[in-house]
Amino acid sequence: MVEVPLTSLYQELILEHYRHPRNKGGLANHTVEAHVANPVCGDEVKIQILLDGGRIEEIAFDGQGCSISQASASMMTALVKETERSEAIRLADVFTDMMHDGEDASPDKSLGDLRALQGVSKFPVRIRCALLAFDALRNALGEGLQVDSVGEPDPVGGTVHSDRSEGETTH
Amino acid sequence: MALRAQFPALAQEVGGHPLVYLDNAATSQKPQSVLDALAAYYEDDNANVHRGIHELSRRATTAFEGARVKLAKFIGAPDSAELVWTRGTTEAINLVASSWGMDTLGDGDEILLSSLEHHSNIVPWQLVASRTGARLRYIEMDEQGRLILDYLPELLTDRTRLVAVSHISNALGTVNPIREIADQAKQVGALVLVDGAQAVPHRRVDVQELGCDFYAFSGHKMCGPTGSGGLWARRSLLESMPPYQGGGEMIRMVERDTSTWAEIPHKFEAGTPNIAGAIALGAAADFLDEVGFDAIAEHERELLSYALERLDDMGGITVYGPTDLDERSGVISFTMGDAHPHDISTILDSRGIAIRAGHHCAQLVMQHFGISATARASFYLYNSTDDVDRLIEGLASVKEIFGPA
């Protein structure tokens, strides 16, 4: 393992979003929503969006999990609020690329606070934490689950979610 | 040779720091003698068992069956034919669920589990219940993660066919009073299955003294190879149960439409088994016997006591599980204010300290405490108080980053 300073992971801006998340809660009026969970660590992000035509008028998230997953969700909602759907998906692509390109690529300015998460790319096991909120965003905007089709928990299979990761079987 | 020095993996550095391995409830490291046993089988004796009329096959079969005798004795089984090799605890429980469960359970029958269980002692029963109409019931735990046995007389009914509980909880370290549970289960004629994955590595297990009917365990948590482990069951049960999988090794005669089965335990061991794994598991049992369970238990208790004391001194840490060390094994599940267990684990990893973060395949335990995850440090015979000190230093660094709870 390469020694990576933790300061690149736990930047003050990330901890600040974790402690004081933006747009946290629910929307009384929303048109789409999605709920994703990482079964390995139990992190969850649920987002609700009020779409007006192709525009994200309102967005809120709720969830639980590590600082990276929750800060990412907070930053993401702040960024895509009041943008066009197509722009939100573009930003999701740019962010995903930043996670996979590592620290060498210069972060795209349009990512705003999310640029602080660039250091996560050096911690491969944590990349999926940063991407969780974007999975929720893509699900809600794209092939996302409509409000009335978000499933009830299935007694054996768990809630409706996208599995990003390998299962765990150890004691 | 010093005990720790016999484990090659422990001698490495991680991220520029000497490795501190505290994820033993997930899997243990392996001593050189186990690694040597694996290599010796492949280098010298590699052959299939029970069928070749040649020297290598004879040697392989002798070593393979010799390991069975060794492990049967290791867990106090009266007869080595009662020990079926499996890939581990999970397969052992699935074997019982698929074979005994599908064969004997019917509509309205009850399986009594506990909310402390690992998913591997829940999901197989959910699967069998959904196919047979059987019903699952649960023994609940108290605020310290101890099973509330006062409820047992109500939970055990004339419909209870099986009680399936862990010997020691992987998530909290709770040691369950198996004998007491088994005695009560017998009164209603229920069988008792014990998930021994966390017990066999750490204490002397005697399946006869426990009074259970099935006992499942894994090799990889007791210094043995992954993919090794076993199921012990009473001879009469194994003889009455239908095969679990079909194939070679498990038959007596095959005709066009029907077959007859081999004697136990081979009836349950279709296909070429994990020969190297079983032989090396025998070496692991020898290793643990040599160190001795009295010494192992005493050492782990000292580490547990020392670690709990240091965590308490540190403050801001919530430890889950029994406070009485007699009711607990060397597992410490904890949370730390705002710092999510995943973040704790990353910060410790950057200092070469391996712990586990998550729900530990025990989501019912997490739900009981109203949390989604814990950080878990778990000890084994090669850990030291230095390892605990390094853990505490690492947690101080977590506090620095996340601030006081």
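In the predicted model, chain B has a mean pLDDT of 96, and 100% of its residues reach 70 or more. The model as a whole scores ipTM 0.81 and pTM 0.91.

Chain B is considered next in terms of its domains. The domain assignment divides chain B into domain 1, covering residues 34-289, and domain 2, covering residues 292-402. Between the C-alpha centres of these two domains of chain B there is a distance of 29 Å. The domains meet through 21 residues of domain 1 of chain B, which are in contact with 20 residues of domain 2 of chain B. On the domain 1 side of this contact, eleven residues are polar, six are nonpolar and four are charged.

Chain A contains four helices and three strands. Chain A comprises 171 residues, of which 42% count as buried. Contacts within chain A were also examined by separation in sequence. When the contacts between residues at least 6 apart in sequence are taken, 63% of them join residues at least 24 apart.

The two chains touch each other in the model. On one side of the interface are 21 residues of chain A, and these are in contact with 27 residues of chain B. The side contributed by chain A consists of ten nonpolar, seven polar and four charged residues.

The largest nonpolar core has 166 residues. The members that touch the most other members of this core are Ile47(A) and Leu137(A) in chain A, together with Ile75(B), Val192(B), Cys212(B), Ile279(B) and Ala284(B) in chain B. The core therefore includes residues of both chains, as a nonpolar core is a set of buried residues joined through C-beta atoms within 7 Å. Helix H9 of chain B, spanning residues 275-291, gives the most to this core, supplying eleven residues. Both domains of chain B take part as well: the core draws at least three residues from domain 1 (34-289) and at least three from domain 2 (292-402).

The surroundings of one of these core members, Cys212(B), can be described in detail. When residues up to four places away in sequence are not counted, Cys212(B) touches Ile178(B), Ala182(B), Val192(B), Leu193(B), Val194(B) and Val207(B). One of these partners, Val192(B), is itself listed with Cys212(B) among the residues that touch the most other members of the core.

Conventions. Residues numbered from 1 in each chain as written. Chains lettered and ligands numbered in written order. Predicted model: local features only at pLDDT ≥ 70, side-chain atom pairs only at ≥ 80, totals over all residues. Helix = DSSP H or I, 4+ residues; strand = E, 2+ residues; numbered from the N terminus. Buried ≥ 20, exposed ≤ 12 C-beta atoms within 10 Å, placed from the backbone. Contact = placed C-beta atoms within 7 Å. Nonpolar A, V, L, I, M, F, W, Y, C, P; charged D, E, K, R; others polar. pLDDT = per-residue confidence, 0-100. Domains from an automatic or database assignment.
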